[in-house]
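Subject: Structure for you to look at

Dear colleague,

I am passing on the structure below, together with some notes on what turned up in it. Please read them with the model open beside you.

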Amino acid sequence: MSAGMGVLTILMTLLGWSSIPLFLRYYSEHIDPWTSNGWRYGASALFWAPVLIVTAVRGRWPAGLWRAALIPGSINVCGQICFVWAHYQIEPGLLTFGLRSQILFAAIGAYLLFPPERAVIRTPSYLWGALLVLTGTSGSILLSPHSIDWSRLSGFGLSVASGGLFACYALSVRKYLPGVSSVMAFAAISQLTAIVMVALMFVLGQRYGADVWNLSREQIVWLLMSALIGIALGHVFYYMSIARLGVAVSAGVLQLQPFLVAVASYLLFGEVLQVGQWLAGGVAIGGAMLMLAIQLRVSQQRNSR
């Protein structure tokens, strides 16, 4: 039953997180990125606030939670800004292939911060996987039929930067919030991120974020739903999946995201990736799967001793 629930939650995570680039691509034609981030993270913060309130009332508040969440929250802010801005430069399919570079940054960060991880990262097969990720990710932009102008190059760069920042975010949660439940950690980080995102919306957003009222009621509802699906519930389902299936299996399933997004983006927005780009993306995903497989094998060997 536990494994079955894990399969269900990881599939829900995959579908939910695959929908977010499509939502952002759609709203990029209607509102500016600061407004998009401000409203989405503001809604997510309201969703998570009761968790913090109930925890405080019950006297179970982790000591130093806000201070410990500052660095992960700051990194998350930067990652979200890059992620959303990328949707205003390039198509969702290409963007999510670039985002897969996250696993490279995670490996580098783990090597520097967590010495026990170095045995895994030094494995030749793991390094070959990393090389495939780097090669495939680069190929997905270099094999584009479009001229690589500054807009497309900056958009792809933003997607890679967001992948790197999201990797740093995950590593910083592991480093600065050990012993804090995933739900509590993310609830606190959501509040800190929302404060910054809403402030940036008021300062930099068009009409202080009021452009959202130019949308129809249905469009506003779906904008808020995207926050619920991608930010609020998506992380919960992912943490539940990790608890039941493990990190390697859960992360492995999520490697399918670029393919789902690319197909959906073709159907919805007419985005067409060339055969070479599909092959390059496949090479990157294959490399990521190899890295995760080596990580899982070494972890199992370590636990069996």
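A pocket, as the word is used here, is an open set of grid points with protein on both sides within 12 Å along at least five of seven lines, and its volume is the space filled by probe spheres set on those points. Please keep in mind that this is a predicted model.

On that definition, the largest pocket has a volume of about 1500 Å³. Its lining is made up of 43 residues, and those nearest the centre of the pocket are Gln102, Phe166, Ala170, Tyr238 and Ile242. Sorted by class, the lining of this pocket holds 30 nonpolar residues, along with nine polar and four charged ones.

Turning to the aromatic side chains, the count comes to twelve aromatic pairs. One of them joins Trp85 and Tyr88, whose ring centres are 6.1 Å apart and whose planes meet at 50 degrees, so this pair is tilted. Both residues of the pair are partly exposed, Trp85 with a relative accessible area of 29% and Tyr88 with one of 23%. Together with Trp34, these two residues, Trp85 and Tyr88, form one aromatic cluster.

With best wishes

Conventions. Residues numbered from 1 in each chain as written. Predicted model: local features only at pLDDT ≥ 70, side-chain atom pairs only at ≥ 80, totals over all residues. Heavy atoms only, no water. 1 Å grid on protein atoms, 1.4 Å probe; cavity = no way out; pocket = protein on both sides within 12 Å on 5 of 7 lines; lining within 4 Å. Nonpolar A, V, L, I, M, F, W, Y, C, P; charged D, E, K, R; others polar. Phe/Tyr/Trp six-rings, centres within 6.5 Å; stacked < 30°, edge-to-face > 60°. Buried < 20%, exposed > 50% of the residue type's maximum accessible area, 1.4 Å probe, protein only.
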